[in-house]
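Here is a brisk report on one model. Read it with the coordinates open.

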Amino acid sequence: MQNEKESQASFAGLFNEAKKYYGLQKQYLRYSAAEQLTKLISKIAIAAVVALLALIIFVFAGMALVHWLGSIINNMALCYALYALFLLLLLIVFYCNRRRWVILPLARMMTDIFIQDEKEDDEDED
């Protein structure tokens, strides 16, 4: 009888510890997800700001180049057409290399953000 009560108390204690462990794991998962999303969103925000500034610089530099060449050639329309052709060629080169320049780096970044933390956790346990 005594042994049975001790067994039930031991089982209840084990159940309570498992319940606490589950709650802590759930909380850890939330914190880990929040950390990873913060890293991802910050990288996206930085990339967006850099891309926007680069676009503005690219537009103004292109306009300056067109006006400079237009004053040399004395044909502004031809310079705009040449600049448009240059942008079209740049777009074609970018489209042909989209996998190497965009898709693979994004995949590596996502892998580094979401998988690297698991590797660090495994190293901490060793």
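Which side chain meets that of lysine 39 in a salt bridge? The partner is glutamate 35, with an N to O distance of 3.9 Å. Lysine 39 and glutamate 35 both belong to helix α1, and they are separated by about one helical turn because they sit four residues apart.

**Model and confidence**

The model is predicted. The mean pLDDT of the protein chain is 89. A score of at least 70 is reached by 90% of the residues. Where pLDDT is low, the coordinates should not be read in detail.

**Fold and surface**

The protein chain has three helices and zero strands. The order from the N terminus is α-α-α. Helix α1 covers residues 2-73, and helix α2 covers 76-96.

The chain counts 126 residues, of which 10% are buried. The accessible surface of the protein chain comes to about 10,800 Å². Carbon and sulfur atoms hold 69% of that area. Take the contacts with a separation of 6 or more: 52% of them join residues 24 or more positions apart.

**Salt bridges**

The structure has two salt bridges. Lysine 39 and glutamate 35 form one of them. In the other, the side chain of lysine 20 meets that of glutamate 17, also at 3.9 Å, N to O. Lysine 20 and glutamate 17 lie in helix α1 as well, three residues apart, about one turn of the helix.

Glutamate 17 is partly exposed, at 49%. Lysine 39 is partly exposed too, at 32%. Glutamate 35 also counts as partly exposed, at 41%.

**Nonpolar patch**

A nonpolar patch lies on the surface. Its members include Leu65, Trp68, Leu69, Ile72 and Ile73, and also Leu78, Leu82, Leu85, Leu88, Leu89, Leu91 and Ile92. Together they have about 1,100 Å² of accessible area. Helices α1 and α2 each supply at least two of the patch residues. Which helix gives the most to the patch? Helix α2 does, with seven residues.

Leucine 91 is one of the patch members. This leucine is found in helix α2. Its relative accessibility is 53%, so leucine 91 counts as exposed.

Serine 32 sits in helix α1. Is serine 32 buried or exposed? Serine 32 is buried, because its relative accessible area of 14% is under 20%. Its C-alpha lies 9.4 Å from that of phenylalanine 114. Along the sequence, serine 32 and phenylalanine 114 are 82 residues apart.

Glycine 62 is another residue of helix α1. Glycine 62 is buried, at 4% relative accessibility. Its C-alpha is separated by 7.5 Å from the C-alpha of tyrosine 83. In sequence, glycine 62 and tyrosine 83 are 21 residues apart.

**Cysteines**

How many disulfides does the structure hold? The count is zero. Cysteine 79 is buried, with a relative accessible area of 3%. Cysteine 96, by contrast, counts as exposed at 58%.

**The α1-α2 loop**

Asparagine 74 is placed in the loop between α1 and α2. Its phi is near 65 degrees, a positive value in a residue other than glycine. Most residues other than glycine have a negative phi. Asparagine 74 is exposed, with a relative accessible area of 68%.

**Accessibility at a glance**

| Residue | Relative accessible area | Class |
|---|---|---|
| Cysteine 79 | 3% | buried |
| Glycine 62 | 4% | buried |
| Serine 32 | 14% | buried |
| Lysine 39 | 32% | partly exposed |
| Glutamate 35 | 41% | partly exposed |
| Glutamate 17 | 49% | partly exposed |
| Leucine 91 | 53% | exposed |
| Cysteine 96 | 58% | exposed |
| Asparagine 74 | 68% | exposed |

Conventions. Residues numbered from 1 in each chain as written. Predicted model: local features only at pLDDT ≥ 70, side-chain atom pairs only at ≥ 80, totals over all residues. Heavy atoms only, no water. Patch = residues over 30% accessible without salt bridge, like charges linked within 9 Å, V, L, I, M, F, W, Y side chains within 5 Å. Areas by Shrake-Rupley, 256 points an atom, 1.4 Å probe, with all protein chains shown as cover. Salt bridge = Lys/Arg side-chain N within 4 Å of Asp/Glu carboxyl O. Buried < 20%, exposed > 50% of the residue type's maximum accessible area, 1.4 Å probe, protein only. Disulfide = S-S within 2.5 Å. Contact = heavy atoms within 4.5 Å. pLDDT = per-residue confidence, 0-100.
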